Amino acid sequence: MFAKSTSDAFGIEGQRIGIILFSLLLNMLQEFQKNVSENFPNLASKKVLLAVSGGIDSMVLSELFRQSQMNFAIAHCNFNLRSTESDGDQKFIEDYCFKNKIEFFTTTFDTTTFATDFKLSTQVAARKLRYEYFYEILQKEHFDFIATAHHLDDSMETFFINLSRGTGIDGLTGIPLQNDKIIRPMLQFSRDDIENFALKNNIEWREDASNATDYYLRNKIRHHLTPIFRELNPSFTHSFQQTVKNLQQTKSLADDASQMIYRQVVEDEVNYKKIDIDKLKKLPNYQAYLYQWLQPFGFTAWDDIYSLMNAESGKRIFSKGYQLLKNRTFLLIAPKNYDVDQEFQIEKGTLEVNFHIKLLFCKITDTFFSTNKTIFVDDEKLTYPLTLRRWKSGDYFYPFGMNGKSKKVSKFFKDEKLSVIEKENTWLLCSGNDIIWVIGFRADERFKISKTTKTIIQIDLV
């Protein structure tokens, strides 16, 4: 009797649990579709490339897209990092695609050699190879987006990784829903949500043995840190999700304020940006604005950057691709390297030039006052093709208005009090070996128009 009663009770309880699990399963699919509808409008009419490793996350992503009857294909990278297991992953996904009639793209990389050749960590090398391959497919096969299987726990782990290394508010807002063509439609779901969906939907996946180790920082956080927070607060996942939303709203406010102040303090020149130090220092928390503006250029030496505000003129700080120069009362941001030997030939009859700077040429009959951005020259005095180039040591010209006296370009720059970056960004328009115009500053006396000029050429810096 007891055994029967127990059996009956278990049967009833089992049915109840089954109903609940089916409801959760259905709800996750509905929540996914709702999330797609709200955050990625018209995605159902787009062509999406899924990045699939074969693990549980990407296989659930594949099933959500398949069950939602969306237009998608699958791409997989074999990094050859786990011997025969890597080949097994590739074969597993290939079989899944064949079974479900899904278009499949795959490639193989020698990741270890690539990482060694370019002095990268294995993780960074794999990421670089992966996304270059995905974007290649996107462009060649005309996909609209690349979808990855990042989820809420990934975002949480990224939060702690950034926190451990030191970060601003950008690093505390988790993984974004979208970067360029990359979308992450599963960010609202936890690892538990994904596991439940996979188990109850009979989804197969491949397990990467490295996920069980603590070799990577992300794994250490997953295995040791987040369990402590969940022990302290069983609703930690929900609390984290709400915290990230709050931080994202705060970031939005900060971005709005940063853009408003940027327009007041920063001038965007052709090849560099110019920050007015005096205006900036009048603002409270000006260091926060500097961080917002400079962080995208790869600068990280923040103490040195803040000290630069009061440093002597000429001091520089470098990031990987840019330089920050103190020039009297300005901070100048410009590319780190310049090719001073670059030249561009301008044939007779050319109307427009776009080579680092933009110049317009036209024949006219009447002139007005010349400016720094507009000059008038006698066409018969020009030797074609004209040359557009950077200045070199030893260059000299005859500045307009100086009664035929020559001047070295370097001395002219010094008199004009140009910074190093401004000098490096200055171009010369030349006729043969003679300078027609130190562009944006002064024309040469030798090419000016006169009463005998037959053809006048107007040249504008746009």
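Is glutamate 157 buried or exposed? I looked it up: glutamate 157 is buried, because its relative accessible area is 1%. My cut-offs, on protein chains only with a 1.4 Å probe: buried means under 20% relative accessible area, exposed over 50%, and partly exposed in between. The areas themselves come from the Shrake-Rupley method with a 1.4 Å probe, and for residues only the protein chains shown count as cover.

Ground rules before going on. This is a predicted model, in which local features need pLDDT of at least 70 and side-chain atom pairs count only at pLDDT 80 or more, while totals for chains, interfaces and linings use all residues. Residues are numbered from 1 along each chain as its sequence is written, and side-chain values use heavy atoms, with hydrogens and water left out.

**Salt bridges**

Side chains of opposite charge can pair when their charged atoms come close. I took a salt bridge as a side-chain nitrogen of Lys or Arg within 4 Å of a carboxyl oxygen of Asp or Glu. My search of the whole structure turned up 26 of them.

Back to the residue I started with. Glutamate 157 pairs with arginine 222 in a salt bridge, with 3.1 Å between the closest N and O atoms. Glutamate 157 sits in helix 6 (residues 152-165) and arginine 222 in helix 8 (residues 217-232), so the pair ties together parts that are 65 residues apart in sequence. For the record, helices (H or I, at least four residues) and strands (E, at least two) are DSSP runs, numbered from the N terminus.

I noted two other pairs. Glutamate 85 bridges to arginine 82, the closest N and O atoms being 2.6 Å apart. Glutamate 85 is partly exposed, because its relative accessible area is 33%. Glutamate 445 and lysine 448 meet at 2.5 Å, N to O. Of these two, glutamate 445 counts as buried at 15%, and lysine 448 as partly exposed at 34%.

**Nonpolar core**

Which residues have the most contacts inside the largest nonpolar core? I wrote down Leu43, Leu50, Val60, Phe65 and Ile74, in a core of 33 residues. Here a core is a set of buried Ala, Val, Leu, Ile, Met, Phe, Trp, Tyr and Cys residues joined through side-chain atoms within 4.5 Å. Elements that each supply at least two residues include helix 1 (2-39), strand 1 (48-51), strand 2 (72-78), helix 3 (84-100) and helix 7. Helix 2 gives the most, with six residues.

**Charged patch**

Asp192, Asp193, Glu195 and Glu207 form a negative surface patch. Patch members have over 30% relative accessible area and no salt bridge, with like charges joined within 9 Å. I checked aspartate 193, which lies in helix 7 (residues 191-200). Aspartate 193 is partly exposed, because its relative accessibility is 32%.

Proline 385 is in the loop between strand 15 (374-378) and strand 16 (386-390).

I also logged two positive phi values in residues other than glycine. Lysine 119 has phi near 55° and lies in the loop between helix 4 (111-117) and helix 5 (122-141). Lysine 119 is exposed, at 78% relative accessible area. Asparagine 403 also has phi near 55°, in the loop between strand 17 (396-397) and strand 18 (407-408). At 74% relative accessibility, asparagine 403 counts as exposed.

**Distances**

Last, I took some C-alpha to C-alpha separations. Isoleucine 364 and isoleucine 457 are 93 residues apart in sequence and 6.3 Å apart in space. Isoleucine 364 belongs to strand 14 (residues 357-364) and is buried at 19%.

Glutamate 380 and leucine 324 are 56 residues apart in sequence and 43 Å apart in space. I found glutamate 380 in the loop between strand 15 and strand 16, exposed at 53%.

Leucine 331, in strand 11 (residues 330-335), is buried at 0%. Its C-alpha is separated by 9.9 Å from that of isoleucine 305, 26 residues apart along the chain.

Terms used. Patch = residues over 30% accessible without salt bridge, like charges linked within 9 Å, V, L, I, M, F, W, Y side chains within 5 Å. Lys, Arg positive; Asp, Glu negative; His and termini not counted. Charge placed at Lys NZ, Arg CZ, Asp CG, Glu CD.
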